[in-house]
Amino acid sequence: MPSKLCAQSSPENIGFENGNFQNWKIYAGTIAIENNQNVVTMNEVPKPISGRHTIISNKNMVDPYGGFHLIPPSGGNYSVKLGNNVTGAQIDGISYLMTVPADRPEFTLTYQYAVVLEDPDHEPFEQPRFIARIKDVEKNEYIPCASFEYVATSSLPGFKKSAEYESVIYKDWSPVTINLSGYQGKQLLVEFISTDCSRGQHFGYAYIDINNVYGDLITGNTYCASADAVGLSGPGGYQTYNWYSADRTINYGSGQSINIKPKPADGSRILLDLVPYTGFGCPSTVSTVIHGIDYELKVLKKDVVCQDAEIDLLDAKYILNKSEGFTYLVYEDKDLSKLINSHVKITADKTFYIKSTNNKGCESVVPVDISVFDAANINTKNPEAVCYSESVDITNSALYMGNLEGISRSYFADEAATKIISDPQHINKTGRYFIRLSNQMGCSKIISIEVTVKDKPVLKVTNPKPVCIPLTVDITSAENFSGSDASFKYSFYKDRELSTLLTDPLHIDKPGTYYVKAINAEGCMVSNKIEVVINDLPVLQVKNPEAACYPDQVDITNPVLYIGSTENLKYSFFYDAALTNKVTSPKTIAKAGIYYIKAENDGGCFTTGKVQVNFNTAPVLVLHKPKAVFDNGFIDLTSSEITKGSSVFVKAGYFEDAYLKRPVADPTKVNKAGIYYISIQNESGCIASAPIEVDILPQPKIVVPTAFTPQKDTNNRLYPFLVSIQKLISFKVYNKWGILVYQSDSLANGGWDGQFKSQMQPLETFSWFAEGIDTFGGKFQSKGKTILIL
């Protein structure tokens, strides 16, 4: 099979053989119809969606509709299921960006697919579908002969109807080989997409497996020299195949595979005309050259690798005469019973066996001996601890014990040796660092070294309290350095550079910034600044507040009342001029009169003043809740009935918030339920406000699910949901023949369980009719359809 050949290398994990979506992008979205066209709109998602982007690893599992295996017999160990049998107009997609090798003018891609689609009675553009396409990234165009769209219809080539589900069609695994010759060096985007129907009630999903290793379009051209015939096979997925000699004088036959006997002469060119199914590609002609071979596998007999090295035993380093047309497998036993992945991790000396086979039975088995080489035994000693302002040179050879001859060193911040240290000669942070030792054979060993950088000593400075002239400040006081290192020795300076000592730090008589240097018992130094504040007496200017509306309160702490005063003053308020009876709540003054103020600066200096408070009378507001209406009606908040009983006012306001900041757009036509606020204002400008509740009821509705699953744990009963319905009169369900299969006048029985006359009904669409009494006593009716899903 092409999936076993080595004619060209595979992009990593394009066949999902890592058991995940590595290197693939994942998409999800919803299908839509625009101008009678099917529009696929997807967005990339960060990780697979459970049940919609699924890696399949169990080769024994079969599809419930088609009965085929979920992994193709000729495929790898994994496949992908794209989508599911859940409806909802879902789109699920994946894409892989690959680059065609620049040295491959002839290049092919082979994938296998299987499709399961519901086939509803919809327009073609509304049907579920599976899309496989390849885009030329540079041109931003899809390649016509490499892009297919399988729309649900029983006439699709190779599709069958499900034996158990008449409305479901499926196609078993089918290979498709795409000729991408001429795209060498170009980036191609491989896309697979499955969609539900656009109406959202029918599903579609697909399985995909991409062959990991590509081969020629025609296989079997290489044969054992002793054979008397040659068997050739063309790529899968085409409608007709016709085989010819190079000059087309000989027609060898038709069909995907043929057996030519007697075999053509060695070096003969064979032509194959490929005709795809209508709408699924372009006709093309491919060719191959016939040649016989006597082959004996030659390998690198012995190799020495590093401990835990991962090697590829199918690499050209180990297979010295790899040939096209041969399959190469690796085994870990001479009986060839334990097949392993060609990429292996070497932890100890071991012999492996490589087997080469072509499709005509030419076979050769050769052992390969792999040995492990250990890195030199070198250790480190930890350097002495240094102060926070110093650094450690971990490249210093004195820190290493052992023979360093022929050993190179590189330095890292992590044990995995991924974070390179840019300056290992100046390590200034405590921690464990790692050195990779490498010898001339490329083997390496990771060792570690502990660096200790002493923490910066804690110097906490609390600025001394401000004082008033002519007092002085002692900046040496211990309370200024509370919480600092107890072993500090202090000295005091005029400048940041710590070059000019203060002659008398105990009696500072000028405000400003001074500096302290502190050295702890370990000899580590730190410095900081001290701010000294010496204040003048404050200036206090007072403006009386505007008269307030009772029962509002006056805030005599408002800074606006003291504009022109010294900044950053601390205010306190009193009932008496002697400042002995303190006002406990100066922000909420509720009584007219004179109050007294003490204004104090940070240095404790203060001055006094007084402020006059006056009040006006506020209006009385009485509100009456309006009657509720349905959401297609309106309530007039300006109605005089709502404010009946209030005192005389000159202005009214209607708001959405208690702060009266968001006016109601049209208070005469309110149709949204909630709390609103009404305010009135009298001639004195005083305002009173209060909340009022408005009830807007939703219009009556009887809602029934569009689908239910009577045999599942959830959504297993069909019953109506009532909105603004005070009583259910009747709920009836009819099958597609118009037969009444269920009725009820209450919800007490839990709804319809999907049975009629003790028989579970089939998967189909049922009609329902419901009648009830709404909140205001009116009769309400509703009807619709629902799908019973087994």
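## Aromatic rings

Ring pairs join Tyr65, Phe68, Tyr165, Tyr170, Trp173, Phe203, Tyr205 and Tyr207 into a cluster. Here Phe, Tyr and Trp rings (the six-membered one for Trp) pair if their centres lie within 6.5 Å, with planes under 30 degrees apart called stacked, over 60 edge-to-face, and the rest tilted. This is a predicted model, where local features need pLDDT of at least 70 and side-chain atom pairs pLDDT 80 or more, while totals for chains, interfaces and linings use all residues. Residues are numbered from 1 along each chain as its sequence is written, and side-chain values use heavy atoms, with hydrogens and water left out.

The structure holds 29 aromatic pairs. One of them is Trp24 with Tyr96, edge-to-face at 5.1 Å centre to centre and 65° between the planes. Trp24 sits in the segment before strand 1 (25–34) and Tyr96 in strand 5 (residues 90–99), so this pair ties together parts 72 residues apart in sequence. Strands are DSSP runs of E, at least two residues, numbered from the N terminus. Trp24 is buried at 7% relative accessible area, and Tyr96 is buried at 5%; buried means under 20%, exposed over 50%, and partly exposed in between (1.4 Å probe, protein chains only).

## Charges over rings

Arg409 lies over the face of Tyr400, 4.5 Å from the ring centre. Lys598 puts its charged end over the ring of Phe606, 4.4 Å from the centre. The test asks for NZ of Lys or CZ of Arg within 6 Å of the ring centre and within 35 degrees of the ring normal.

## Disulfides

How many disulfides does a search of the whole structure find? There are 3, counting cysteine sulfur atoms within 2.5 Å as a pair.

Cys387 and Cys524 have their sulfur atoms 1.9 Å apart, and the link is left-handed, with -90° about the S-S bond. Cys387 is in the loop between strand 29 (379–380) and strand 30 (400–401), Cys524 in the loop between strand 36 (512–519) and strand 37 (525–532), 137 residues apart. Cys387 counts as buried at 10%, and Cys524 is buried at 2%.

For Cys468 and Cys605, the sulfur atoms are 1.1 Å apart in the model. Cys468 belongs to strand 34 (residues 467–468), while Cys605 is in the loop between strand 41 (593–600) and strand 42 (606–613), 137 residues away. Cys549 and Cys686 form a disulfide at 1.9 Å; its S-S torsion is about -85°, so this disulfide is left-handed. Both Cys549 and Cys686 are buried.

Definitions and conventions. Helix = DSSP H or I, 4+ residues; strand = E, 2+ residues; numbered from the N terminus.
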